[in-house]
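This report describes selected features of one protein model. Please look at the sequence and the structure before reading on.

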Amino acid sequence: MASSLISRQFALSLQKNLWLSAPACRYVSKAAPKTQVEFDYEGPSMKTSVPGPRSQELTKQLGDIQNVGAINFFCNYDESRGNYLVDVDGNRMLDIYTQISSIPIGYNHPALLKLMSNPNNLSTLVNRPALGILPPENFPDKLTESLLSVAPSGMTRVQTMACGSCSNENAYKAMFIWYRNKERGHNTPSDEDLSSCMVNQVPGCPELSILSFMGAFHGRTMGCLATTHSKAIHKLDVPSFDWPIAPFPKLQYPLEEFTKENAQEEARCLEEVEDLIVKWRQRGKPVAGIVIEPIQAEGGDNHASPDFFKRLRNIARKHGCAFHVDEVQTGGGNTGKLWAHEHWGMDDPADIVSFSKKLLTGGYYHKDELQADKPYRIFNTWMGDPSKNLLLVEVLNVIRRENLLEEVTRSGKALINGLYQLQAQYPGILSRARGQGTFCAIDICDDATRSSILLKARDKGVLLGGCGDRSIRFRPALVFKEYHVDIFLNIFNDVLAQHK
């Protein structure tokens with residue numbers, strides 16, 4: 001883990017070059033010339049506080065139709081460009097949250113606009129097929145060109161879906177079907193299986209479970225909620241399954257100063273995983289699968305070492321559980337690799353890898369043995385959207401052509417170093433800066449201060465998101481460059497100076 005994250009000691013050695021006594025010190029990157037992205041703006045431009053009057057008016061109008069409690073403001077997507085999101089009041093903000101980590105190459109990228117204007121693509125945009133029964137002629141080729149071209153190691157099969165929650169929900173079903181067929185020794189259900197499942201009884205509806213981790217977020221649908229443990233508001237008042245929940249390691253920072261303690265913490269969590277698997281088997285609810293995020297995002301950007309994940313993978317093998325890596329938020333390049341699990345250095349990292357967000361469509365990759373054994377077992381009306389695969393092909397072309405993963409690594413170093421420096425400058429406010437690539441986070445002293453910082457940053461032209469109890473997470477697009485980091489750090493420093 002320590003080797004994959006940016007060296008804090010190196011960052012702190014740069015402090016002497018900062019004007020630490022000045023509350024509004026400027027971060028100027030001499031190594032980051034402004035090779036301006038052709039479709040990007042120069043910087044933030046604020047005309048009103050956010051939400052402005054037009055946003056407030058629209059919120060009131062929509063409030064007569066549906067719940068608007070979570071709405072921040074209304075957007076003008078036509079005017080948004082690159083790393084900048086424009087709202088309906090004309091405020092232009094540097095977006096480092098990107099629709100909850102979902103925008104791969106910025107707003108209105110010219111390559112995607114060109115793709116959409118191509119008359120040859122009109123049919124794909126206009127006609128949305130029920131892919132499970134009536135896919136278009138070019139669907140196999142487009143899947144090969146898009147999703148299969150970036151398939152995780154050891155996987156040649158992909159099941160498309162519409163979003164992250166339904167991707168995980170159906171991946172869970174695939175694990176249960178696989179496990180039950182393994183128990184039977186064949187895939188032919190008995191008459192009792194068929195009749196009992198219709199009234200929600202065993203053996204047709206078996207007492208199986210999925211092991212998840214405290215702090216995890218895997219979605220808001222019923223099965224996913226049973227494995228989501230990040231915020232009470234997600235789960236409140238909704239019935240759930242009695243499935244095992246293991247502790248996720250709580251690492252101490254800086255990592256290099258707590259090597260022994262962190263290794264002990266990871267060992268403790270892994271021991272608890274094995275104990276839970278045994279206990280649930282004894283309770284008659286065997287663990288069919290283990291699901292985990294490479295970095296717990298909603299739960300607070302919680303990390304673990306590559307060794308932790310390698311050992312967890314071995315535990316799954318030992319106990320005959322499928323191993324599901326949820327890359328819905330971490331997949332797509334923000335960590336400097338297409339898949340965050342690539343940082344583990346494993347040839348056989350998972351049995352199932354789910355995705356969505358920056359991959360534009362949803363779905364999951366899987367081993368051959370987790371292929372559904374009969375039609376309609378993994379099924380819904382749309383099962384994805386061919387137009388999103390079309391967009392993804394071009395997104396992947398841009399990533400390769402512009403070497404965006406290398407860009408993410410460079411920008412990530414600048415971002416984490418800047419966070420380390422600010423953390424040293426404002427020790428009463430900031431702590432535990434951490435990250436991989438531009439997938440970064442930092443803790444704020446308390447939730448109220450975090451809320452205030454997020455709002456003040458927004459009014460100064462920077463969009464950020466929270467996660468966990470008191471963390472701020474950074475989720476920029478892959479076109480986020482070093483000079484964008486400088487713009488952010490200057491504004492963030494000004495906001496922090498007001499709280500000092």
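The text below covers a pocket, a pair of packed helices and some backbone features.

The model is predicted, so local features need pLDDT of at least 70 and side-chain atom pairs count only at pLDDT 80 or more, while totals for chains, interfaces and linings use all residues. Residues are numbered from 1 along each chain as its sequence is written, and side-chain values use heavy atoms, with hydrogens and water left out.

**The pocket**

The second largest pocket has a volume of about 940 Å³. A pocket here is an open set of points on a 1 Å grid over the protein atoms alone, where a 1.4 Å probe fits and protein lies on both sides within 12 Å along at least five of seven lines; lining residues have an atom within 4 Å of a point. The volume is the space filled by probe spheres set on the points, which are joined across faces, edges and corners. The lining has 29 residues, and those closest to the centre of the pocket are Phe176, Cys197, Gly204, Cys205 and Pro206.

Helix H7 (164-184) and helix H8 (191-197) each supply at least two lining residues. The largest share, eight residues, comes from H7. Helices (H or I, at least four residues) and strands (E, at least two) are DSSP runs, numbered from the N terminus. By class, the lining has 13 nonpolar, six polar and 10 charged residues. Ala, Val, Leu, Ile, Met, Phe, Trp, Tyr, Cys and Pro count as nonpolar, Asp, Glu, Lys and Arg as charged, and the others, Gly among them, as polar.

**Two packed helices**

Helix H11 (residues 259-282) and helix H12 (residues 306-318) pack at an angle of about 15°, and their axes are 11 Å apart. Axes are lines fitted to C-alpha atoms, for helices over the stretch in contact, and angles run from 0 to 180 degrees between N-to-C directions. H11 is therefore roughly parallel to H12, a term for angles under 35 degrees. Contact means heavy atoms within 4.5 Å. On the H12 side, the contact is made by Phe308, Arg311, Leu312, Ile315 and Lys318. Among the H11 residues in the contact are Leu270, Val273 and Ile277. The contact has eight nonpolar, no polar and four charged residues.

**Backbone features**

Most residues other than glycine have a negative phi, and most peptide bonds are trans. The table lists exceptions.

| Residue | Feature | Location |
|---|---|---|
| Pro203 | cis bond with Val202, omega about 0° | loop between H8 and strand E4 (209-213) |
| Pro254 | cis bond from Tyr253, omega near 0° | loop between strand E5 (245-246) and H11 |

Conventions
Parallel < 35°, antiparallel > 145°, perpendicular 65-115°, else oblique.
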